[in-house]
Amino acid sequence: MYGGGTELSLLEKSLGLSKGNKYSAQGERQIPVLQTNNGPSLTGLTTIAAHLVKQANKEYLLGSTAEEKAIVQQWLEYGVTRVDGHSSKNDIHTLLKDLNSYLEDKVYLTGYNFTLADILLYYGLHRFIVDLTVQEKEKYLNVSHWFCHIQHYPGIRQHLSSVVFIKNRLYTNSH
């Protein structure tokens with residue numbers, strides 16, 4: 001998912017961790033692997049991401065209640081299974097439609113708390129959102145609001161291009 005090592009490097013930086021972790025990829029799907037300094041290697045984006053969050057002492061990003069932790073895990077799994085390099089334009093529009101409905105009454109993926117799920121889904125969706133037309137962004141208004149909010153969260157966007165969202169709607173029948 002998400003280009004593995006690239007997103008993990010972005011996550012490291014956004015968490016305030018010093019660079020130095022060595023990433024590699026294994027298998028046909030290029031699953032990320034982290035070689036730790038003091039133990040066995042860790043495999044899989046969500047496993048490595050959770051390890052980095054704990055290393056940075058920011059466990060709150062994994063969720064604060066049992067329900068929130070489960071929702072974070074659900075979205076991390078969603079990212080791994082649904083947002084990968086093999087997604088077609090049709091798949092992405094279906095995904096954005098579903099995500100748009102889900103975000104209808106939420107600020108973040110868990111509701112009102114910013115978590116690791118928001119960060120990694122932002123990184124995973126960036127390459128698709130950046131290519132949306134103004135009309136498509138308006139069609140997925142809830143996703144656009146969420147994405148815009150996440151990209152302005154301190155330290156998250158880094159070198160990724162800023163996606164422009166128009167505040168005044170241009171198309172009235174986009175829903």
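1. **Sheet.** Strands β1, β2 and β3 build an open sheet, ordered β1-β2-β3, with antiparallel pairing. β1 and β3 are the edge strands, each pairing on one side only. Two strands pair if DSSP finds at least two bridges between them. Helices (H or I, at least four residues) and strands (E, at least two) are DSSP runs, numbered from the N terminus.

2. **Basis.** This is a predicted model: local features need pLDDT of at least 70, side-chain atom pairs count only at pLDDT 80 or more, and totals for chains, interfaces and linings use all residues. Residues are numbered from 1 along each chain as its sequence is written, and side-chain values use heavy atoms, with hydrogens and water left out.

3. **Confidence.** The average pLDDT (the predictor's confidence in each residue, from 0 to 100) is 89 for the protein. At least 70 is reached by 91% of the residues. Among the elements, strand β1 (residues 22-26) has the lowest mean, 84. Helix α7 (residues 141-151) has the highest, 96.

4. **β1 with β2.** Five bridges join β1 to strand β2 (residues 31-35), and the two run antiparallel. Lysine 22 faces glutamine 35 of β2 across the pairing. The hairpin of β1 and β2 has four residues between the strands. There, glycine 27 takes a positive phi near 75 degrees.

5. **β2 with β3.** Strand β3 (residues 42-43) is joined to β2 by two bridges, again antiparallel. Leucine 34 stands opposite leucine 42 in β3.

6. Contact means heavy atoms within 4.5 Å. Axes are lines fitted to C-alpha atoms, for helices over the stretch in contact, and angles run from 0 to 180 degrees between N-to-C directions.

7. **α3 against α4.** Helix α3 (residues 66-82) and helix α4 (residues 89-102) pack at about 165 degrees, with axes 13 Å apart. That angle makes α3 roughly antiparallel to α4 (the cut-off is over 145 degrees). The crossing of the two is left-handed, meaning that the near helix is turned anticlockwise from the far one by less than a right angle.

8. **Contact residues.** From α3, Ile71, Trp75, Tyr78 and Arg82 meet Thr94, Leu95, Asp98, Leu99 and Tyr102 of α4. By class, this contact has six nonpolar, one polar and two charged residues. Ala, Val, Leu, Ile, Met, Phe, Trp, Tyr, Cys and Pro count as nonpolar, Asp, Glu, Lys and Arg as charged, and the others, Gly among them, as polar.

Technical notes: Parallel < 35°, antiparallel > 145°, perpendicular 65-115°, else oblique.
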